[in-house]
Amino acid sequence: MTVDTYNEELRDEEGFVGDRASGRAFRAILDDWRERVSTTLDDDPFGDTPTHEISKAKLDKVLVGSDTVAAGLVHTAIEEFAQELATVVRRFLRLEDWRGTERIVVGGGLSSSHFGQLAMGRAQVLLASEGIGIELRQIGNHPDEAGLIGAVQLAPSWVLAGHDALIAVDIGGTNMRAGIVELRMKKGDVSKAAVWKMQHWRHRDDEPTRDEAVVRLAEMVAALIDKALADKIKLAPFMGIGCPGLIDEQGAIVNGGQNLPGNWQEDGFNLVTALAGRLPRIEGHEPAIVVHNDAVVQGLSEVSNMHDVERWGVLTIGTGLGNARFSNRARD
């Protein structure tokens, strides 16, 4: 399998095309419809609660609840968002590196919600009505775990040999997650890999500086290492990190990290270097760290589910919209 392209930043007169199909875009659409409806109705079905504070679980519940106006609002937002998602998919499919894509896996937080899944289905119907036979499929693992599980594919086989698990980190514009991923490896096959323990930090609520975020991340990882060693898990001295943006060979973020706390694109800042020395040694070694784009890493969690297609992509609907396209190599 090869990564054909990732972190494509398509633009139009309104800015980044991907921003039209992000989690923030859905909230903005819902907020706009709430404002329109409230000028006519006496009461807003969601009361005084700001749209950004309405949980995904609450929106899912509204869809099947007895308040038909509230359900209608969410359905209307879903329809408009689906049209935006379909537009974004069309634009990606026009790119040279995205041509011939047969399937797109949709990850990120929105894909785990019922309203997000409805939007995916509606977008696929819209595309099909135009003769675009692309399959939009929800990511197989839970989106909170897919970005960790995919890190297994970043590790060379010699690192995994003789070990039970490795460390994985998923950095997003709103949340950071660190976890221990059990390999459950059999004859080199890691398709059964799963998250053993995970720590989650919603950094957007705390508004940390970049350096504070790095320190907190190192503390999360160190706590997980201690738990794994106490449970006698044979941990590989390796950590895979998924992070937004274009990542160079040294692990520095070249661009696309604008949603992270502080300036992660500053000349001289390197996440690998910033974490080095802050983590406990494993088997007497400092953990080797590999950083790649977060959409790529989420996509890597789907490798075992993509044997029936040749070209496939991933879109991660989170604070922004991550993207990557893959091609499967011919088997011997």
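**Note on the predicted model: sheets, helices and cores**

1. In strand β7, Ile 180 is the bridge partner of Ile 167. The structure under discussion is a predicted model. The pair belongs to the antiparallel arrangement of β6 (residues 165–171) with β7 (residues 176–182), which extends over seven bridges.

2. These two strands are part of an open sheet of five strands with mixed pairing, ordered β8-β7-β6-β9-β12. At its edges are β8 (194–201) and β12 (288–293), each of which pairs on one side only. From one strand to the next, the twist averages 20 degrees.

3. Helix α8 (residues 210–230) lies across β6, β7, β8 and β9 (235–243) of this sheet, and its direction makes about 145 degrees with β8.

4. The largest nonpolar core comprises 65 residues, and Leu 166, Ile 171 and Trp 264 are the ones that touch the most other members. The element that gives the most to this core is α8, with nine residues. Apart from it lies another core, of 41 residues, which includes Ala 77, Leu 93, Val 106 and Phe 115. As general background, nonpolar side chains in soluble globular proteins tend to be buried together.

5. The surroundings of Leu 166 deserve a separate entry. Residues up to four places away in sequence being left out, Leu 166 touches Val 152, Ala 155, Leu 160, Gly 179, Ile 180, Val 181, Leu 183, Leu 235, Ala 236 and Phe 238.

6. Strands β1 and β14 (residues 321–327) run antiparallel and are joined by four bridges; here Tyr 6 stands opposite Ala 324 in β14.

7. Just after α4, Gly 131 takes a positive phi of about 85 degrees.

8. Which residues of α4 are buried? They are Phe 115, Gly 116, Ala 119, Met 120, Ala 123, Leu 126 and Leu 127. Because these residues cover an arc of only 145 degrees around the axis, they lie on the same side of α4. The buried residues of α4 pack against α1, α2 (56–63), α3 (68–94), β4 (103–107) and β5 (135–138).

9. Helix α2 can be described in similar terms. Its residues Leu 59, Asp 60, Val 62 and Leu 63 are buried. Their arc around the axis is only 160 degrees, which puts them on the same side of α2. The face turned away from this buried side carries the exposed residues Ala 57 and Lys 61. The cover over the buried residues of α2 includes α1, α3 and α4.

10. Leaving aside neighbours within four places in sequence, Ser 22 is in contact with Phe 81, Ile 317, Gly 318, Thr 319, Gly 320 and Leu 321.

Note on methods:
Residues numbered from 1 in each chain as written. Predicted model: local features only at pLDDT ≥ 70, side-chain atom pairs only at ≥ 80, totals over all residues. Heavy atoms only, no water. Contact = heavy atoms within 4.5 Å. Pairing = 2+ DSSP bridges. Axes fitted to C-alpha atoms, helices over the stretch in contact; angles between N-to-C directions. Buried < 20%, exposed > 50% of the residue type's maximum accessible area, 1.4 Å probe, protein only. Arc of directions from axis to C-beta. Core = buried A, V, L, I, M, F, W, Y, C linked by side-chain atoms within 4.5 Å.
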